[in-house]
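Dear colleague,

Please find below the structure that I am handing over to you. I would be grateful if you would look through it alongside the notes that come after it.

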Amino acid sequence: MSSPLAPSGSGPITDPAPLSLCAREPHVPADRLVAEMVPPPRFDSVRFSTYIPDPNQPSQTEAVRVLEGFAAGLGAAAGGSGKRRLFGFGKAPKKAPAGPRGVYLDGGYGVGKTHLLASLWHATPAEPGLKAFGTFVELTNLVGALGFQQTVRTLSGHRLLCIDEFELDDPGDTVLVSTLLGKLVDAGVALAATSNTLPGKLGEGRFAAADFLREIQGLSAHFRALRIDGEDYRHRGLPEAPPPYSDEEVTGVAHATEGASLDAFSPLLEHLARVHPSRYGALTDGIGAVCLTGVRPVPDQSTALRLVVLADRLYDREVPVLASGLPFDQLFSDEMLNGGYRKKYFRAISRLTALARDAAKLANHR
């Protein structure tokens with residue numbers, strides 16, 4: 001059997017076989033989950049000064065002003081040795097003052113909410129061990145790994161907790177997060193969060209929210225809501241996402257790119273069902289590019305939500321995605337895009353499109 005040809009047809013591929021996400025089954029210890037509660041690599045260097053507000057959207061400029069003031073205020077709220085209190089030791093913190101203890105950035109996908117949240121983390125005058133940054137999913141995973149009481153003791157010693165993409169997907173998470181944040185506010189921890197939905201409307205369209213309305217409304221009392229209007233910056237003035245490549249082109253790039261993975265799309269979706277979403281970040285450790293063949297619409301909502309988490313982790317790590325099959329805007333059915341999780345799906349499409357645009361550079365340099 002002859003060797004596969006590179007996209008140019010110049011000769012057989014002789015590079016080492018690419019990696020495979022399907023061959024990985026990472027195990028993540030709890031201490032890694034705590035240590036990794038920092039802004040993802042994509043946001044290492046962002047600051048308020050690097051955020052470029054849309055001149056047609058004054059709410060973006062206002063958000064920067066409010067958050068800069070919020071960070072400055074946290075500098076005067078030290079109180080106690082965070083290192084001693086990190087795992088519950090030392091003098092107990094004073095009870096927090098009444099009123100909102102955080103800011104809540106609401107807006108559509110792609111308006112720079114995560115950029116602003118990470119900038120707040122960087123601008124807060126406290127050592128990294130006294131600030132925590134994670135997605136909503138990562139926060140609930142931390143509770144699962146440490147237990148509720150240990151999570152409260154661990155985070156109570158922090159100056160600031162930033163929660164990105166705040167989502168309430170089921171009633172259990174509603175109660176869990178409401179209780180956790182209430183205890184952290186009582187311990188004096190400042191909160192900041194992003195979401196596509198205002199606090200008082202969390203859970204709307206996803207489950208019988210009436211039974212948990214009290215918990216949801218209680219969450220909103222902890223935050224000052226800041227609306228950020230605007231269009232998706234990932235597509236603002238940029239070319240359309242590149243069309244899918246052929247299987248041969250994707251395979252050629254995977255073999256020619258150091259650290260690239262190569263997987264068929266359907267087996268990868270099946271593999272994601274066997275790996276807990278808290279491990280999707282570790283699943284991509286050391287991956288320089290993700291190459292997928294045979295992209296097709298996802299078959300059901302559970303699979304779709306797992307793919308959303310993987311897209312978030314790839315986007316955080318700036319891992320380009322090169323694919324054959326259907327374009328990414330055809331991943332989710334009309335029913336999904338019109339349902340309760342529609343904003344998650346649109347965010348995933350937006351982020352995968354940005355990563356596909358990055359991957360085009362790999363193909364063009366072949």
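The notes below set out the findings, grouped by region and by type of interaction.

Please bear in mind throughout that this is a predicted model.

Salt bridges

In the whole structure, the search returns 10 salt bridges. Three of them are described here.

Within helix 2 (residues 58-74), Arg65 and Glu62 are 3 residues apart, about one turn of the helix. Their side chains form a salt bridge with an N to O distance of 2.6 Å. Glu62 is classed as partly exposed, because its relative accessibility of 32% falls between the limits of 20% and 50%.

A further salt bridge joins the side chains of Glu165 and Arg347, at 3.0 Å from N to O. This pair connects distant parts of the chain, 182 residues apart: Glu165 is in the loop between strand 3 (160-164) and helix 7 (171-186), and Arg347 is in helix 14 (residues 342-364). Glu165 has a relative accessible area of 8% and is therefore buried. Arg347, with a relative accessible area of 3%, is buried as well.

Arg351 and Asp312 also meet through their side chains in a salt bridge, here at 2.9 Å, N to O. Because Arg351 belongs to helix 14 and Asp312 to helix 12 (residues 301-316), the pair ties together parts that are 39 residues apart in sequence. Both Arg351 and Asp312 are buried. Taken together, Glu165, Asp312, Arg347 and Arg351 are linked in a network of salt bridges.

Strand 1 (residues 102-106) is mostly covered, with 5 of its 5 residues buried. The cover extends to both faces: Gly102, Tyr104 and Asp106 are buried on one side, and Val103 and Leu105 on the other.

Strand 1 pairs with strand 4 (residues 190-195) in the parallel sense, over 5 bridges. In that pairing, Leu105 has Thr194 of strand 4 as its bridge partner. Strand 1 also runs parallel to strand 5 (residues 223-227), to which 5 bridges join it.

Aromatic pairs

The count of aromatic pairs comes to 4. One of them is formed by Tyr104 and Phe166, whose ring centres are 6.2 Å apart and whose planes are at 55 degrees, a tilted arrangement. Since Tyr104 lies in strand 1 and Phe166 in the loop between strand 3 and helix 7, the pair ties together parts that are 62 residues apart in sequence. Tyr104 is buried, with a relative accessible area of 1%, and Phe166 counts as buried at 1% relative accessibility.

The rings of Tyr104 and Phe223 have centres 5.3 Å apart and planes at 75 degrees, so this pair is edge-to-face. It links distant parts of the chain, with Tyr104 in strand 1 and Phe223 in strand 5, 119 residues apart. Phe223 counts as buried, at 7% relative accessibility. Ring pairs join Tyr104, Phe136, Phe166 and Phe223 into a cluster.

Charges over rings

The charged end of Arg42 is placed over the ring of Tyr315, 3.8 Å from the ring's centre. Lys131 lies over the face of Trp121, at 4.2 Å from the ring centre.

The segment before helix 1

Val28 is located in the segment before helix 1 (30-35). Beyond its neighbours within four places in sequence, Val28 contacts Leu33, Arg279 and Ala282. Val28 and Gly281, 253 residues apart in sequence, have a C-alpha to C-alpha distance of 9.5 Å.

With kind regards

Note on methods:
Residues are numbered from 1 along each chain as its sequence is written. This is a predicted model: local features need pLDDT of at least 70, side-chain atom pairs count only at pLDDT 80 or more; totals for chains, interfaces and linings use all residues. Side-chain values use heavy atoms; hydrogens and water are left out. Helices (H or I, at least four residues) and strands (E, at least two) are DSSP runs, numbered from the N terminus. Contact means heavy atoms within 4.5 Å. A salt bridge is a side-chain nitrogen of Lys or Arg within 4 Å of a carboxyl oxygen of Asp or Glu. Buried means under 20% relative accessible area, exposed over 50%, partly exposed in between (1.4 Å probe, protein chains only). Two strands pair if DSSP finds at least two bridges between them. Rings of Phe, Tyr and Trp (its six-membered ring) pair if their centres lie within 6.5 Å; planes under 30 degrees apart count as stacked, over 60 as edge-to-face and the rest as tilted. A charge sits over a ring if NZ of Lys or CZ of Arg is within 6 Å of the ring centre and within 35 degrees of the ring normal.
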